[in-house]
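Good morning, and thank you for coming. Today I would like to speak about how two protein chains meet. Please look at the structure as I bring it up.

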Amino acid sequence: MKNNLQQAIQKSGADYCDAMYEDTRHTTISFNKLDIQNVSNTVLKGGRVSALANGAYALSSFTRLEDLDNAIATVSRNARALSRFDSTNRLMPAPIVEDSVVPGMTIDPRSVDFDEKVRLAREYLSLVLAAPQVFTAYGSYNETFTRKTFVNSEGTRIDQDIVICFFSCRIMAQEGNLTESMGFSIGFDADFNRLLDRHELVEEKARTCAGLLKAKSVSPGTYNIVADRDLSGIFTHEAFGHLSEADDTVNNKSLQDILVIGKRLGNDHLNIIDDGSVAGASGTYMYDDQGVRATRTELVKDGHLNARLHSRLSAAQLNGEVTGNFRACDYRFKPQVRMSNIFIDQGETPFGELLESADNGLYLCGGKGGQTMGDLFTFGAQYGYEINNGKLGKMVKDINISGNVFETLGNIEKIGNDFDMGEGGGCGKSRAGLFDMQMLDKSGTGGPSVLINNVVIGGE
Amino acid sequence: MEKLLSLAAAQCDEAEICHIQTRSAPLDFYNWRQTEIVTRNLDEVSLRVIKNGKIGVVKGSATEDSEWMVKSALIAAENGPEVTFHFPGESTLGGGGKICDTRLLDMDTEQMIRDGEDIYKYVRERKPDLPLNLHFDNEVTTVTVMNTSGKNESYRKTLYTVCLLSMYQRSKEGINKEITQCRYFKFPEKIIDELIHENRLSEIELKTPTHKMPVLFRASSTWSLLYRILEGANGAQKVRGVTPLKDKLDQKIFGDNVTLIDDPTRDWAPGSTPFDDEGVPTRKKMIVENGVFRNFIFDLQNGAKDGNGSTGNGIKRSMWTRGIEVSPNPRFNNLVMSPGDFSLEDLISRMDEGIIVNDVIGFHSGNILQGHYSMNVGIGFYVQDGKIQGRAMDTMIAGNIYEDFHRISGMSRELEYNPIAYSPDILIEDVSVTGTAGD
């Protein structure tokens with residue numbers, strides 16, 4: 001494949017050309033309670049090429065390999081046509097790489113029997129269904145295997161194997177007319193071993209979902225909150241991370257102005273990292289869709305903006321460093337600057353002290369969707385507890401958090417010492433809280449618990 | 001594809017192929033300066049087989065080896081759910097709206113670049129400092145459904161999208177004006193004027209109070225509310241027993257002025273199709289008639305479980321992804337909400353104090369099935385004494401459509417298409433608003 005692609009791009013006539021071809025096999029075994037509802041197999045084979053000519057940039061996606069030459073001719077032609085309007089694109093130099101990547105695994109999911117996967121999923125689902133008030137649950141075991149080949153006209157040649165397996169579940173609890181639901185995922189790593197012996201976590205999720213039936217809706221207002229590790233990760237991803245993605249900043253002078261490198265964003269203890277090389281995390285990968293190796297980027301250092309996430313294109317425009325974050329979820333999409341694993345770095349405060357410092361406030365857990373609009377963000381917490389005089393109280397629900405990212409970062413008062421990378425993650429993942437998880441990208445979040453003062457909580 | 005069907009047919013009781021070929025060329029202009037084009041040439045197929053009363057699916061790139069496809073579908077069927085339906089042989093009797101514009105079939109990239117330059121020229125003469133992104137897409141889709149009951153039909157659909165996004169200061173987002181139709185059009189100057197006007201109005205940023213007040217949902221934002229009805233009227237949720245509408249057929253669920261029709265026959269409408277992705281002919285049907293709930297929507301499998309069959313709403317693609325989804329899901333084809341008799345200006349002037357919502361963020365918050373919503377006003381305006389005062393900042397709105405749709409006090413005469421429906425602007429009284437200006 002490498003040689004096919006390489007021969008094809010030599011004919012491009014453009015200033016730069018790259019080509020990628022991937023073969024992805026995805027299997028989902030989905031369950032309605034304990035019954036197998038579907039076994040679905042998906043194969044996605046196709047490629048993408050891109051070219052730079054006269055400072056303009058064009059891409060093309062194709063399913064049929066025989067369309068490769070045509071796609072290369074099209075991108076070269078389109079780039080020239082666009083250069084009448086835009087000739088500003090350059091590529092930041094990146095190392096030329098020749099590599100073959102195979103993920104490390106103690107148990108390769110492809111070596112595990114179908115029956116064993118079914119047995120494991122049923123074991124977890126029976127635990128969920130045994131919880132009081134849980135009336136139904138949907139679950140699925142998912143695995144994806146991708147072989148991806150990338151070459152560019154500078155001489156980079158990379159083969160990558162990518163393996164992901166995970167179990168995800170949506171729990172439905174009911175009492176009278178009231179239905180509550182909650183989802184969770186385990187895994188998102190290559191290693192099947194990660195899915196084993198997770199019974200405690202599964203039971204806890206089912207209990208929490210049933211607990212929501214009795215929880216009262218939070219009253220809207222301004223609170224000091226302690227965000228748990230999941231929520232702190234989602235806040236970092238949604239509110240701050242998306243603003244770090246430099247492809248959107250390139251053409252937006254006012255965004256550049258509010259995100260000047262060196263600007264103070266938080267207290268000295270605040271460090272925010274994007275790291276695509278964390279072992280075993282869900283957003284980990286070796287090379288991005290321009291063949292650039294994933295790296296650790298210190299986005300916020302000692303409270304100051306230190307860097308942005310870049311493609312080779314955006315790095316050239318903004319004179320930043322290449323960070324290896326240019327990714328698409330498959331060949332049909334164009335790559336964009338995306339986070340890998342983003343998190344607030346470990347702090348020093350024990351969890352109990354975070355609660356004490358909050359005094360009267362809310363302890364909020366788990367994220368539920370999220371969206372940003374410039375410096376505004378909004379997302380839900382799955383559930384929470386009142387904090388009364390530094391102690392955890394009654395459970396609350398229907399929690400929606402919104403605010404301005406800069407004010408909120410500045411209000412991070414204390415950072416916990418309980419750092420952990422979360423499982424699951426992904427960006428633009430689940431459609432509307434229903435049971436149809438759409439993993440659009442490998443993207444991980446995590447972090448420590450954090451105390452944030454004066455957060456606006458909306459509700460009914 | 002005929003070969004794949006006969007290979008499958010030889011090894012199972014029934015088989016169906018849904019074949020979707022898409023050619024598209026999305027072109028983006030980023031803020032007057034940068035451009036990017038992606039041409040796509042995709043070819044996807046899904047194969048479903050029924051064997052011993054159980055169904056199995058495989059989907060993927062149409063280039064995949066037929067033997068592998070059939071083998072995978074058979075493994076899926078061995079473990080698949082039991083079904084009682086048969087693939088429909090019923091042919092589509094003409095009908096349907098117009099969905100293919102020959103002008104779009106051979107339109108080249110140059111035309112879109114020129115149209116983009118024209119829009120920039122128009123804006124430059126009026127507000128040269130407006131931060132503005134443009135998005136064009138010209139998509140041609142050919143859908144073929146064939147099955148062992150004798151169905152073998154295709155349709156070709158063109159879809160043309162033009163989207164203008166003027167970003168706010170310090171933001172990647174801003175006011176969005178988008179039109180999608182099955183025919184070619186020039187983006188209306190009237191809507192560009194509205195965009196420039198709203199951008200000017202946004203220069204004043206206002207904190208909003210916290211109490212109940214009228215909220216005017218512009219057509220561009222009503223999909224966030226109507227999404228809750230899509231889930232409520234979704235036959236799959238009825239079969240699961242989780243929709244609050246499960247016992248509400250022919251009962252009043254909304255105020256008299258709410259009528260919603262699913263109309264796949266509407267000319268040039270993005271969701272119009274002669275048949276759905278399972279080959280079932282689509283048809284026009286009432287969903288809510290003067291506030292009374294009339295119909296759930298079904299695909300074959302959920303329709304069979306419920307007892308009355310598919311309503312022609314089995315869609316194998318979702319709102320958020322490209323390509324074929326594995327299992328069909330009940331979705332509206334073209335939901336059309338009946339208009340009111342006001343102009344936009346009339347609706348605004350009726351508000352002593354209120355919020356106009358152009359766009360929301362966080363539409364997925366709250367218990368969707370129960371009709372609850374709790375969203376941030378992403379793009380919106382604060383109104384006092386019937387006049388827009390400025391942009392509404394940090395404002396949340398919350399409520400429940402099964403209550404709020406009893407309090408619609410006015411709707412606009414004109415309909416606009418949003419991702420879910422043709423909708424008017426909707427004015428709802430007494431919506432809970434949470435702002436940061438105090439009570």
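Predicted model: local features only at pLDDT ≥ 70, side-chain atom pairs only at ≥ 80, totals over all residues.

Let us begin with the extent of the interface: chain B and chain A bury about 7,200 Å² between them, and carbon and sulfur atoms give 50% of that area.

How many residues does each chain bring to the contact? Chain B contributes 80 residues, and chain A contributes 73 residues.

I turn now to the polar side of the interface. Between chain B and chain A, 31 residue pairs are in polar contact, with both residues at pLDDT 80 or more. Eight salt bridges are also found across this interface. One of them joins the side chains of B:E44 and A:R332, with an N to O distance of 2.8 Å.

Which element of chain B gives the largest share of the side that touches chain A? That element is strand β3 of chain B, residues 34-51, with eleven residues. Sorted by class, the side of chain B that touches chain A holds 30 nonpolar, 30 polar and 20 charged residues.

Strand β3 of chain A, residues 56-62, pairs with β3(B) in the parallel sense over five bridges. Within that account, A:F62 has B:N41 in β3(B) as its bridge partner.

Thank you for your attention.

Key
Residues numbered from 1 in each chain as written. Chains lettered and ligands numbered in written order. Heavy atoms only, no water. Contact = heavy atoms within 4.5 Å. Buried area = accessible area lost by both parts, 1.4 Å probe. Salt bridge = Lys/Arg side-chain N within 4 Å of Asp/Glu carboxyl O. Polar contact = N/O pair within 3.5 Å; in protein donor to acceptor, adjacent residues only side chain to side chain. Helix = DSSP H or I, 4+ residues; strand = E, 2+ residues; numbered from the N terminus. Nonpolar A, V, L, I, M, F, W, Y, C, P; charged D, E, K, R; others polar. Pairing = 2+ DSSP bridges.
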